[in-house]
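The points below may be read alongside the sequence and the model.

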Amino acid sequence: LRQARRDRQLVSKRLLLNEDEDQPEVTMDTNSGEQDVVSLFHKLQHTGPEREAHLKALSKALRDPSAQLTFIKQQNSMHLLVGLLTGSNATCRLQAVRCLHELSHSPHPNVAPACLPATPYLLTYLSGQSTKFTELCLYTIGNLCPDSDAVKEKLLAQGIIPALTNCIENQIHNLAVVEAVGFTLSQLLQAKDAAEKIIPMVLASSLPSHLLSVLTPDPKFGLAPAIECAWCLHYLTCSIEDNRVLLAHGALLQCSSLLVSLGGAVTEGNKEEGIELLICPLLRCVGNLLSSCPVEDLSTQVGDVCIMVALCAFLQAYLQTQPALARESAWVLNNLTAYSGAFCSALLTLNLVPGLIQLLPFSQGINTMILRVLANIAHWKKEFCVQLAHLGLLSALCATLKMADREMVTLSMDVLFMLVVSGPQVAEEFVRQGGLSLLEAIQYNSEGEIRRRATHLLEHHLLSFSSYCSV
């Protein structure tokens, strides 16, 4: 999901449909598209009552990729569109921005730079009152961002961050516009140089607080605005090492609280379409923010231990259908347990560990992350080690030690070491379960480090219990 979201979905383009159509016209004769564009371009150079109709026809004709190239090659074509965009006729302005929107959706990389003369006006119109017009401007700008560094640089110089900030402040209750702001900002935040050129400006603005305020989905409008804003926050948290600004805005607490709510919904069987596209960026936000949060502030910033229940709920719910999302959940569990003994204790007291142990046979990186979580628990206290042994971890380790995955075997040896040195009862139980013969077999492993660990465990911690071997 991480790779797919980055490569295929976030760096994507959005096409807004006209209010009088349900879907894009795919039956249009594309062979005549180029001729139509040339004819309409010449007609639009003359004023008259039919100009609005010609503009509407042009916007539809520009859905043809070859027609888009034909249009930008016409002399003064963009000058004509900009003139109509800035004219006094409101209907012509709307149709002109519709034409620019169709051009911004072009698959051809040379179309975006051709639209540069229009960008300062598109930014200016973000402060307008018409929802549809503002949406069109936002999605047009968002579509243009990824295609050209020149376009991105020009937009930054023209003040796109202040314009987006002003737009979301004025339209915070208009969720269609907020969603469009989120889309456009997420396109910008994916730039390779975003950490140096874009993110500092975003963090210095009021955008983070507005993004956070939209995270809770509106039951009437749906998930889309929250999804866009959550992905923006994800790009902010993963692009910089010091997330103190976002922590000061309460980002960790808000994202954690929302995950708790979503975890409850998923547990009750509510898997609303697209909900995973909200859960995923929230998980990454929490995981990334944890590394910047002082340990002493962890319980305050994260909230109560219910987050552990939610994370385990995501693990179980998405294990088969969205294994990447399950892995993200395990990663956040790992980060929480690495930093806090209280969260380790919560996994034990809330009886969540048996469910985690059952996940150790699963691959795709899930079992290694789960084993790291269990290692974190074992590392905190010897008492935790004894509890883990009583919950069946020893027999699970006997299975993971037989796996072909080198990382799983190495991690299993680490966890086993912590368990057997926690007390003689645990060591005795491991020997009773046939652990000696298992480690003796591992002494023939092709990896030298694994062989050495097995030998050390046998000679220094387990051979003295050989009398407990089962016959």
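**Notes on helix packing, aromatic pairs and selected residues**

1. Helix H25 (residues 366–380) packs with helix H28 (residues 406–420) at an angle of about 15 degrees, the axes being 10 Å apart. Here helices (H or I, at least four residues) are DSSP runs, numbered from the N terminus; axes are lines fitted to C-alpha atoms over the stretch in contact, and angles run from 0 to 180 degrees between N-to-C directions. H25 and H28 are therefore roughly parallel to each other, a term for angles under 35 degrees.

2. The model is predicted: local features need pLDDT of at least 70, side-chain atom pairs count only at pLDDT 80 or more, and totals for chains, interfaces and linings use all residues. Residues are numbered from 1 along each chain as its sequence is written, and side-chain values use heavy atoms, with hydrogens and water left out.

3. Which residues of H25 meet H28? Asn367, Thr368, Leu371, Arg372, Ala375, Ala378 and His379 do so, and their partners in H28 are Glu407, Met408, Leu411, Ser412, Val415, Met418 and Leu419; contact means heavy atoms within 4.5 Å. The residues of this contact of H25 with H28 comprise eight nonpolar, four polar and two charged. Ala, Val, Leu, Ile, Met, Phe, Trp, Tyr, Cys and Pro count as nonpolar, Asp, Glu, Lys and Arg as charged, and the others, Gly among them, as polar.

4. Helix H18 (residues 251–267) and helix H19 (residues 276–290) have axes that come within 9 Å and cross at roughly 140 degrees. That makes H18 oblique to H19, oblique being the class left when angles under 35 degrees (roughly parallel), over 145 (roughly antiparallel) and 65 to 115 (roughly perpendicular) are set aside. In H18, the residues that meet H19 include Leu252, Cys255, Ser256 and Leu259, and those on the H19 side include Ile279, Leu282, Cys285 and Val286. The contact of H18 with H19 divides into 15 nonpolar residues, one polar and no charged.

5. Three aromatic pairs are found in a search of the whole structure; rings of Phe, Tyr and Trp (its six-membered ring) pair if their centres lie within 6.5 Å, with planes under 30 degrees apart counted as stacked, over 60 as edge-to-face and the rest as tilted. One of them joins Tyr125 and Phe133: the ring centres are 5.0 Å apart and the planes lie at 80 degrees, so the pair is edge-to-face. Phe133 is buried, with a relative accessible area of 10%; buried means under 20%, exposed over 50% and partly exposed in between (1.4 Å probe, protein chains only).

6. Tyr139 and Phe183 form a tilted pair, because their ring centres are 5.3 Å apart and their planes are at 40 degrees. This pair links distant parts of the chain, with Tyr139 in helix H9 (residues 131–144) and Phe183 in helix H12 (residues 175–189), 44 residues apart. Both Tyr139 and Phe183 are buried.

7. Leaving aside residues up to four places away in sequence, His54 touches Leu40, Lys43 and Leu44.

8. Most residues other than glycine have a negative phi. Asn76, however, has a phi near 65 degrees; Asn76 is in the loop between helix H4 (65–73) and helix H5 (77–85) and is exposed, with a relative accessible area of 51%. Asn351 has a positive phi of about 60 degrees, and its place is in the loop between helix H23 (341–349) and helix H24 (353–357). Asn351 counts as exposed at 53% relative accessibility.

Methods
Helix = DSSP H or I, 4+ residues; strand = E, 2+ residues; numbered from the N terminus.
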